[in-house]
Amino acid sequence: MPHAKPLSKEMIVLAMKNTRSNMAAARYLNCSYQHYKKWAKNYASDVEGKSLFEKHKNLGGVGIPK
């Protein structure tokens, strides 16, 4: 079984710029949501100090067709 690839902060930020939710960002990076979540929580935002995962949450689903 292949090893999981590490996700860099730059990869996660790029996915966040191109998507509207964490789930979509994981799909953009072609990895599982759990794998994306693990790495996104490791990196903090430069300005706010919150993790990138918390910063990109979209609980209301704003802008996403249902």
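Ser45 counts as buried, because its relative accessibility is 8%, where buried means under 20% relative accessible area, exposed over 50% and partly exposed in between (1.4 Å probe, protein chains only). This residue lies in the loop between helix 3 and helix 4; helices here are DSSP runs (H or I, at least four residues; strands are E, at least two), numbered from the N terminus. Apart from its neighbours within four places in sequence, Ser45 is in contact with Lys50, Leu52 and Lys55, contact being defined as heavy atoms within 4.5 Å.

The model is predicted: local features need pLDDT of at least 70, side-chain atom pairs count only at pLDDT 80 or more, and totals for chains, interfaces and linings use all residues. Residues are numbered from 1 along each chain as its sequence is written, and side-chain values use heavy atoms, with hydrogens and water left out. The chain averages a pLDDT of 91, and 98% of the residues score at least 70; pLDDT is the predictor's confidence in each residue, from 0 to 100. Confidence is highest in helix 1 (residues 9-18), at a mean of 96, and lowest in helix 4 (residues 52-55), at 93.

In helix 3 (residues 33-42), the buried residues are His35, Tyr36, Trp39 and Ala40. Seen down the helix axis, these residues fall within an arc of 125°, so they line one face of helix 3; the arc is that of the directions from the helix axis to the C-beta atoms. The buried residues of helix 3 pack against helix 1, helix 2 (22-28) and helix 4. On the other side of helix 3, Gln34, Lys38 and Asn42 are exposed.

Charged side chains come next. Side chains of opposite charge can pair when their charged atoms come close. The whole structure holds 2 salt bridges, a salt bridge being a side-chain nitrogen of Lys or Arg within 4 Å of a carboxyl oxygen of Asp or Glu. One of them joins the side chains of Lys9 and Asp46 at 3.0 Å, N to O. This pair links distant parts of the chain, with Lys9 in helix 1 and Asp46 in the loop between helix 3 and helix 4, 37 residues apart. Lys9 is partly exposed, with a relative accessible area of 23%, while Asp46 is exposed, with 69%.

The side chains of Glu54 and Lys57 also meet in a salt bridge, at 3.5 Å, N to O. Glu54 counts as partly exposed because its relative accessibility is 35%, and Lys57 is partly exposed, with a relative accessible area of 39%.
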